[in-house]
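Thanks for asking me to look this one over. My comments are below as numbered points, to be read with the structure open.

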Amino acid sequence: MRITRKGIIGTAGVTAVILAVAAGLAYYLVARSFPDVSGTVKVQQLTNEVRIYRDEYGVPHIDAQNEYDAFFAAGYTHAQDRLWQMELARRAGCGRLSEVLGEQTLKIDKLFRTLGLSRYSQKLAQQIDGDTRKVLQAYADGVNHFISTHKGRYPVEFDMLQIEPEQWTVENSLLISRLMAWEMNFSRWIDLLLAELVQRFGEEKAKEIFPYWPENAPLIIDKRYKSKNIVQDLKPFFNAEGEYRLLMGLTALECGSNAWAVSGKKTITGKPILANDPHLLLMLPGRWYEIHIAAPTIDAAGMSIPGVPFIVAGRNQNIAWGITNAMMDDNDYYYEEVDSIRLPTLYKYNDKWMPVDEIIDTIIVKGSLPIALSIYSTHRGPIVNRIEPTAQNLKSLVSMRWTGHEISNEAGAFYRINKASNWREFQEALKLYAAPALNFVYADINGNIGYITGGKIPVRKTKGPTMPYPGWIDEYDWKGFVPFEQMPYVYNPPEGFLATANNKIIDDSYPYHISHHWESPWRSIRICEVLREQELFTIEDIQRLQLDLKSTQAREIVPYIIHAYDSITITDPDVKTMLEYYRSWSYDMHKEDVSTALFQATITKLVYNTFYDKMGDQLYGLYDTLASTPLSALSHLIADPESEWFDDWKTPEFETRDACIRKSVSGAISDLKERLGGELKEWQWGRLHKVAFRHVFGANKILAGFFNVGPFSVGGSHATVNVGQYFLNHPYENTVGASMRQIFDLADVNHTLSILPPGQSGQVFSKHYKDQVMLWLNGGYKVRPMQINIIESACKEVLILKPDK
């Protein structure tokens, strides 16, 4: 058949029309779920009229006459913008993904059924105080009103999976809180890593590459434990978690955050300024939901978690607060001696045989028969490595104790924080708090600033690093928790400021073990040196610090790179040029900077050349799970030019530190040539270092263009205040960064600065799906007022919820 140009054009025209119609239909199907943000909605449950003002970025300001109505409206707005995100998290935490996704998520469901987050949320619901329960119920009522009145208009993800959202409950909100606590728990990974390092290299060598090993803190390893392979024994457990993280787009362990407060004596206004930017996975939708909830007895604004009504980091009329991960060691593993690996009924404990608790659960699987799951537990907690059929071949069973399985009242804590008016009330609220362990930074309108560790610190036998313990004795059981009155805190420090960047909380004189893993101190060093060097600060100064890209890590490491060539005749012109760049470098890691690209490529190769030949794929991958650990270890090792870690075990010669550095530089230059081509002066950091906000559905290549946002060039690194973390083993995509930024001016309730990437809405094609990305990329902020007259004049969209009596 002869194909003419006219025929091609005609066919293309028909195709274009079909595609246009299809696109229009797709947009209609998506857009029909967009929320009504203006007009009037009649609601039976309300007592008084509620007004929901939306600013130009879709942030709701709720003006209500009582708390029930206010939190009802909070639930309604969360559902308007984030219902799919809430449903997905609820199903994951309950272990019910397979009901809609089939066998591919069966391992994930087995993991969360074994952890029992849903069962614990039911227990928590029975224990919380009445006031907190009323507020959570009001929130659930608001979510459910939206669900019941929007049938056929749910977000497109529901249509694509052909499911509908279930009614929301108080237990669901508590579940979401526990799920986030689980995702922010690092110690289960650290215990596993440390055990493998000690088994592979011995205690002394492991100390050298585990940067925060306390002085005089030996490990106590039972002789029966030495023959066990903890990585292999816990493989089913971590494989299931890996699949969960992959499904949810949690490709990196989320680590790092910044929070600091400057007292009134160091500000132009005489009132404190508090800044906070939690570093979490950059994803779609974002982790946070910005909201302002006002009623006669509460007036709080800031960042909430979809599914939970309270402000987690924010301010009210009297105080402001921010959070960072406390990096607490709140999880331990125990090898159990049981009567049967396959069907355990008894476990040995202090020379007595104790009954193993068993729960038989059923998992509904789409397109398949239901699956029965036996969940075993000891007095410490669930046996976590017997969740897959392959686990029946294990030689050992491992139980886990975690503070997230303790009865506590985080919802009640945040409810009271949202209403607190001073430091005493703030402290009283935190007495209810357990997990995840957080650093809380505080400031108030009276000029005070403070810090307190929030969470439960287990009391253990020793202060040393924790590894899987022998479970057949009580020697390593927790002896309770540190009393709240003995938790680390500081109030109005003489320096006039305080800061936390996931660095070590307190020195080793503290009588209890908090953690043996902290983030590298580079960010905290930079924050503190800036706060010390200036007498008085403005809001603009704090903005600049929050966006700061100077690397104290590079300032520390680059002299060693330069020194490695001191006695060498350099023949490679690119190496000569690189050293010239380094000698004139300010250590600012802007996306346009060439020195940054050279340094990051070199440091990535240096970590690989130092550790990979000794560790192999599995352990090196585990070591890179928390990228700060190998980077911190490298900073520790690099001062010793003869460290055996720099030697390549695969060659007969002994390689020194300088030889390893030179090898890494050559490898970095070759890698950059391959990736970027052209001349060295063109190798800008932003050409390598990019961020993309990914949706769960964006893993599908066909859907990626609709659901994902990016990539965009960005600056920063693991070590900068404005963080730009990437996997060392898979460089250089920026996976973890500032998930939101807030700056609170305690002199002006109407001058909070905030930014929430990529946007307020979780609904694809919504104008607020990605409308904050460019602002975030360019270091911009929005202004969030709290006074109703300013809100009314600034917000063009007003939705009125009216009692239908």
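**Notes on the predicted model**

1. Three strands form an open sheet in the order S15-S10-S18, and their pairing is mixed. Strand S15 (397–402) and strand S18 (469–470) are the edge strands, each pairing on one side only.

2. Staying with that sheet, strand S10 (residues 331–336) runs parallel to S18, and the two pair over two bridges.

3. Next comes a helix pair. Helix H17 (residues 552–563) and helix H18 (residues 573–583) have axes that come within 10 Å and cross at roughly 145°. The crossing of H17 and H18 is left-handed. Which residues in H17 and H18 meet? From H17 they are Val558, Ile561 and Ile562, and from H18 they are Met578, Leu579, Tyr582 and Arg583. By type, the residues of this contact of H17 with H18 divide into six nonpolar, no polar and one charged.

4. Asp574, Val575, Met578, Leu579 and Tyr582 in H18 are buried. They cover an arc of only 140° around the axis, so they sit on the same side of H18. The face turned away from that buried side carries Pro573, Glu580 and Arg583, which are exposed. Among what covers the buried residues of H18 are H17, helix H19 (594–623) and helix H21 (657–676). Note that Met578, Leu579 and Tyr582, buried in H18, also take part in the contact with H17. Arg583 takes part in that contact too, while belonging to the exposed residues on the other face.

5. If you plan to check backbone geometry, here are two cis peptide bonds to find. The bond from Leu284 to Pro285 is cis, with omega near -10°. Pro285 lies in the loop between strand S5 (273–281) and strand S6 (289–295). Ala435 and Pro436 are also joined by a cis peptide bond, where omega is about -5°. The loop holding Pro436 lies between helix H14 (423–430) and strand S16 (438–444).

6. Positive phi values come next. Gln162 is a residue other than glycine, yet its phi is near 55°. Gln162 lies in the loop between helix H7 (156–161) and helix H8 (170–183), and is exposed, with a relative accessible area of 72%. Asn492, likewise not a glycine, has a positive phi of about 50°. Asn492 is in the loop between strand S19 (489–491) and strand S20 (497–500); at 32% relative accessibility, Asn492 counts as partly exposed.

7. My last point concerns Val441, found in strand S16. Is Val441 buried or exposed? Val441 is buried, with a relative accessible area of 0%. Leaving aside residues up to four places away in sequence, Val441 touches Ala259, Trp260, Ala261, Leu274, Ala320, Trp321, Gly322, Gly450, Tyr451, Leu498 and Thr500.

Conventions:
Residues numbered from 1 in each chain as written. Predicted model: local features only at pLDDT ≥ 70, side-chain atom pairs only at ≥ 80, totals over all residues. Heavy atoms only, no water. Pairing = 2+ DSSP bridges. Helix = DSSP H or I, 4+ residues; strand = E, 2+ residues; numbered from the N terminus. Axes fitted to C-alpha atoms, helices over the stretch in contact; angles between N-to-C directions. Left-handed = near helix turned anticlockwise from the far one by under 90°. Contact = heavy atoms within 4.5 Å. Nonpolar A, V, L, I, M, F, W, Y, C, P; charged D, E, K, R; others polar. Buried < 20%, exposed > 50% of the residue type's maximum accessible area, 1.4 Å probe, protein only. Arc of directions from axis to C-beta.
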